[in-house]
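Keep the sequence and the structure side by side.

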Amino acid sequence: MVETKYNNNVLTAYLSGEIDHDSAAQIRVRVDGMAQELKPRLLCLDFGGVSFMDSSGVGLVMGRFRQMKLLGGRLRVQNYSDSLYRIFAMSGLEGLGVLQ
Amino acid sequence: MKILNEMKLSFPSKSCNEAFARSAVSAFIMHLDPTVNELSDLKTAVSEAVTNCIVHGYRRQSGTVYISGRITEGGRVTVKIRDKGCGIADVAQAMQPLFTTAPEEERAGLGFAVMQSFCDKVRVKSAAGKGTTVTLEKQIGGDD
Ligand SMILES: Nc1ncnc2c1ncn2[C@@H]1O[C@H](COP(=O)(O)OP(=O)(O)OP(=O)(O)O)[C@@H](O)[C@H]1O
Ligand SMILES: [Mg+2]
């Protein structure tokens with residue numbers, strides 16, 4: 001599930017529930033649609049409401065990173081729990097400087 | 001090793017069944033009174049294996065995903081996830097972190113790495129054209 005807020009050129013997507021291959025595909029369509037329309041300078045993916053995530057969440061972040069680069073903006077990933085961080089940390093995402 | 005409980009499950013390779021599969025496995029081990037972390041580790045590993053059957057094994061067709069679970073004395077949980085899909089030609093290569101054959105679908109190549117880091121033991125048996133079986137083993141609670 002995803003709810004979005006747009007403010008000061010910043011698009012924030014509040015993700016909630018379980019992120020897997022199935023739900024990541026739905027989130028991707030929603031977020032990319034809005035980002036293409038609004039061309040924000042910053043896209044924030046907020047994982048505060050996420051109770052479960054598998055490696056599909058990493059693919060979701062990497063894909064949005066590339067998407068924002070194409071649109072000339074930046075990506076930030078915020079509010080993730082320790083158990084989500086364990087998965088992000090395996091991926092080399094830290095090297096991209098998007099984890100907050 | 002005395003077997004305390006067993007279960008079998010099969011379902012079509014639809015992505016909505018990923019959530020069903022990990023919930024079913026978590027319900028199966030619930031009476032072992034797992035910690036929040038043990039439960040979330042096993043759920044995540046099962047989700048990875050089932051997703052792989054659906055995304056890679058049955059890539060352009062549909063098929064059946066089979067799960068069997070077993071609890072042996074001392075709280076040892078074994079979960080087998082099997083597909084009769086395309087199989088993996090080079091298992092060692094497939095298990096390398098960040099290796100993926102589906103980058104255009106935003107796969108990260110982390111599934112096997114996650115299974116290995118969240119379980120005590122991961123075994124993969126696969127033959128090209130025949131399918132893949134992943135066996136996950138995890139100790140729930142202290143092994144007394
Ligand atoms: N059940 C399967 N059938 C056929 N090929 C598989 C199967 N499971 C894994 N593979 C192969 O092994 C590779 C690595 O799998 P792994 O789960 O580690 O990464 P991924 O699925 O590509 O990405 P991620 O899991 O991060 O989304 C896959 O890209 C695929 O080529
Ligand atoms: Mg995978």
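In which helix is A:His21 found? A:His21 sits in helix α1 of chain A, residues 21-38. Helices here are DSSP runs of H or I, at least four residues, and strands are runs of E, at least two, numbered from the N terminus.

This is a predicted model: local features need pLDDT of at least 70, and side-chain atom pairs count only at pLDDT 80 or more, while totals for chains, interfaces and linings use all residues. Residues are numbered from 1 along each chain, and side-chain values use heavy atoms, without hydrogens and water.

A:Ser56 lies 35 residues away in sequence, yet 5.3 Å away C-alpha to C-alpha. Beyond neighbours within four places in sequence, the contacts of A:His21 (heavy atoms within 4.5 Å) include A:Asp54, A:Ser56, B:Glu18 and B:Arg107.

Now turn to α3(A), residues 82-89. Its buried residues are A:Leu84, A:Ile87 and A:Phe88. An α-helix has 3.6 residues a turn, so residues three or four places apart point the same way. The buried residues of α3(A) pack against β3, α2 and β4 of chain A, together with α2 and α4 of chain B.

Conventions:
Chains lettered and ligands numbered in written order. Buried < 20%, exposed > 50% of the residue type's maximum accessible area, 1.4 Å probe, protein only.
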